[in-house]
Amino acid sequence: MHTLIVMGSGIVLLALFLLAGRVLGGSGDAALSTAAMWFVPAWFVGAGINMAVGVIEAGYSVAEELPIFLLVFAVPAAVAGLVWWKFGR
């Protein structure tokens, strides 16, 4: 359940990035594309923090947390990639 909540948080964070891109970058599609690309490294850090908490606080090993990290990172990053692909042309 925690994994789904973290992935949902990533989608919400992407929506906030897209909203900020629209507000700060104007109404063009390039603003959404740029916002999606800025989201990916920010989400990598966020997913990494989630992994660190799992290793440090919950006591899981890095080998146990790595597949979860990849899933937690990949799903919102894939949605950001779709946004970039749709609006980046």
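Predicted model: local features only at pLDDT ≥ 70, side-chain atom pairs only at ≥ 80, totals over all residues.
Visitor: How far apart should the ends of helix α1 be at 1.5 Å a residue, and how far apart are they?
Guide: Helix α1 covers residues 2-25, which is 24 residues. At 1.5 Å a residue, α1 should span 34 Å. That agrees with the model, because the end C-alpha atoms of α1 are 34 Å apart.

Visitor: Which residues of α1 are buried, and what covers them?
Guide: The buried residues of α1 are Val6, Met7, Gly10, Leu14, Leu18 and Gly21. An α-helix has 3.6 residues a turn, so residues three or four places apart point the same way. The cover over the buried residues of α1 includes α2 (29-56) and α3 (62-87).

Visitor: How do α1 and α2 cross?
Guide: Their axes come within 9 Å. The angle between the axes of α1 and α2 is roughly 145°. α1 passes α2 in a crossing that is right-handed.

Visitor: What kinds of residues make the contact of α1 with α2?
Guide: From α1 come residues including Leu14, Phe17 and Arg22. Among those they meet in α2 are Trp38, Phe39 and Asn50. The residues of this contact divide into 13 nonpolar, six polar and one charged.

Visitor: Is Glu65 buried or exposed?
Guide: Glu65 lies in helix α3. Beyond its neighbours within four places in sequence, Glu65 is in contact with Asn50, Met51, Gly54, Val55 and Tyr60. Its relative accessible area is 9%. Buried means under 20%, so Glu65 is buried.

Methods: Residues numbered from 1 in each chain as written. Heavy atoms only, no water. Helix = DSSP H or I, 4+ residues; strand = E, 2+ residues; numbered from the N terminus. Expected span 1.5 Å × (residues − 1). Buried < 20%, exposed > 50% of the residue type's maximum accessible area, 1.4 Å probe, protein only. Contact = heavy atoms within 4.5 Å. Axes fitted to C-alpha atoms, helices over the stretch in contact; angles between N-to-C directions. Left-handed = near helix turned anticlockwise from the far one by under 90°. Nonpolar A, V, L, I, M, F, W, Y, C, P; charged D, E, K, R; others polar.
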